[in-house]
Each structure stands twice: as structure tokens, then as C-alpha cells.
Amino acid sequence: MNRTKFFAFLTISAILFACGSQDDGGGPPKLKEPSGIVTISPFDTLTVVFDSDIVLKEGDSFILSENENFTGNQPVKIVYLDANKTTDSRIRLVGDYGNTSGTPPLSYFKPATIHTINFSKVKNTTGHEAQNVSINFHTHPILDKLDNNNKTTADIIPTEVTDREGVTFAGLLGYEREPDLYDVADFFVLELKYRDSLSIKATTHLKDSINVDVIIPVYGKSDSTITIKEFKVVNNKLEKSIVYEVGDDYWYGSEGLINPSTKVPFYIKISPLNVKDKAIPYLLNVRVK
Ligand SMILES: [Ca+2]
């Protein structure tokens, strides 16, 4: 190939390449989030994000309505924050497994479950359609029975608390899962021994701040309480965390050091910062090293 032919070849290749890669206005909508299998609180909203704006409404009716073109293996519904919006790249899903009392009631997903949601048809604003878009996610358990409002009825934190990830569970303050039951404290209990390290991370919605207290047994004396005050905002949620080392301060009593291998109950108390006329969901991660 001489020099002129070579450059002609390059030019034609470049044109063909450009045509081949030319955008035809986008393909079918693709799922961006959730990516992979996420685990959420049953009380959370799952935001599904597509790579392009999808058609939500045709005329006056929402086209993505349950049982017509989306189904879940557990009860689920779409929340439309703005009923006038006809297209969006996001869809918000909440559980329809149960509702709390209070105003407004909070609906939730079935806890401790693998959820599958399938959209039979999703059309974007460029007219492309994706079929059978499936989403899988897990929900944390709810470890919060309705009468755990004192130490004697505390919920027992599972022994997997010593796993690398610890134990994560959801709870609810304020209006509960029973009509007109208002809950001002949840107690959880776990047994610790000398030199154990207890990590607690509590998460709530920004508008729902909660108190987290660790009730520490002091040998031969009344219990001592520490309140977790440090908090930060992570992903639009409020997070409080603490690492507490079971040390000498709480282990010496009038009779001296108790047997270091003796396990003693420690309590975690969750309460609302302000009393409100609604349900206040939270997520607690507890880990012992
Ligand atoms: Ca509760």
C-alpha cells in the first residue's frame, strides 16, 4: 500500500468507525442502582435508578402500577413524590407488607427476606423499551418486640454479634406496628466479659434523632449509663457510633475483680430524642470483639 492509499484507507476506516459508534438516541433503559444485592431496613425506601428518564405517566395514569407491569415476590408499591411528574430516571419503592400506626403511617417491607421485583416493561423517553428488569435485595430483621420497654423484657441480641459484620437489625419507636401503641423505649441485651470491645452504630433518618444509651453493670453497685452523643450525617441519614471497652472501671467492686471470664448482661436502650406523632424507625449494628 502506497502512502496515498494508506491515508485514504485510514480516512475511510475513521469514517466507518465514527458511523458505527454514532449514538442513535440511546438504547433501552438500563438499571444503574441498586447495583449488586443491597440489604436495607424494612422501613427504608428503595430508590431504583435508570441510566435514562423513563416514562411514568401516560395521560392521567401511571403506567408503572403494581400487577400490571411490575410484580414483587413480597408486597411492594411505588411512591410518586410528585404526581405531576411524567418522566424520571428514579422510581421509589416501599414495602406494602405492613403499616405502622401514627400519622402518616409508615409502610414497610417484609423483614429478613430476599425480595425480587420484576418490571415486565420499562420504556424511556427516547422510545426504547427494556423487558423483565429484575431487582433483588435483602431486608434486615426487625428485632424489636412490642413490649421490650424495660430491662426485664429486653430483646436478646443474637450470638452472631461476634461475627465480623456483627448483627444488624431494625427497630421502631413512636407509633408501633400495632394500632395506637406508642413506644418510648426499646431495650436490647447482650452478655459481655472483661476486655470485650462493644461497637454500636445506630442509624436514623435525619429528622428522627434518637438517644442511644449503654447501661453498664457496675459490680456491687447500681448500673452506670453512657449516652452515645457523637453523630454524623452519612448518606442523608444520621449515624451515631461508639466503641466501648469493658475495662477495670466497671469491673472492680467492693469485693475486687470478678472472674474475667464471667459474662454479665449489658443493655442498650434506644429512645426518641423528641416525642413525635409518628413512627421513628432506626437501624442498629452491634458487634463484639
Ligand atoms: Ca419498639
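**Notebook: strand pairing and nonpolar cores**

The model is a predicted one.

I then looked at the strands behind that pair. Strand β1 (residues 31-33) runs antiparallel to β3, and two bridges pair them. I followed β3 (residues 46-55) to its pairing with β8 (residues 87-95), which is also antiparallel and has six bridges. I checked two positions along this pairing. V49 has R90 as its bridge partner in β8, and I54 has D88.

Next I asked what else pairs with β8. Strand β7 (residues 76-79) joins β8 through four bridges, again antiparallel. Here I noted V76, whose bridge partner in β8 is G95.

I moved on to the open sheet of six strands. I read its order as β15-β14-β25-β17-β21-β20, with antiparallel pairing. Which strands are at the edges? They are β15 (182-183) and β20 (231-234), each of which pairs on one side only.

Within this sheet I looked up the pairing of β17 with β21. Nine bridges join β17 (residues 197-205) to β21 (residues 237-245), and the two strands run antiparallel. I picked out A202, and its bridge partner in β21 is K240.

I then turned to the nonpolar cores. The largest has 34 residues, and those that touch the most other members are I200, A202, I210, I270, Y282 and L284. I listed the strands that each supply at least two residues of this core: β14 (167-175), β16 (186-192), β17, β18 (210-216), β24 (264-272) and β25 (279-288). Which strand gives the largest share? It is β25, with seven residues. I also checked the domains, and this core takes at least three residues from each of domain 1 (31-139) and domain 2 (151-288).

I went back to A202 for its contacts. Leaving out residues up to four places away in sequence, A202 touches I210, V212, K240, I270, Y282 and L284. K240 in this list is the bridge partner already noted for A202. I210, I270, Y282 and L284 are among the core residues that touch the most other members.

Last, I looked for another core. There is a second, separate one of 14 residues, which includes I54, L56, I117 and F119. I54 was already in my notes as the residue whose bridge partner in β8 is D88.

How values were computed: Residues are numbered from 1 along each chain as its sequence is written. This is a predicted model: local features need pLDDT of at least 70, side-chain atom pairs count only at pLDDT 80 or more; totals for chains, interfaces and linings use all residues. Two strands pair if DSSP finds at least two bridges between them. A nonpolar core is a set of buried Ala, Val, Leu, Ile, Met, Phe, Trp, Tyr and Cys residues joined through C-beta atoms within 7 Å. A residue is buried if 20 or more other C-beta atoms lie within 10 Å of its own, exposed if 12 or fewer, and partly exposed in between; C-beta atoms are placed from the backbone. Domain bounds come from an automatic or database domain assignment. Two residues are in contact if their C-beta atoms, placed from the backbone, lie within 7 Å.
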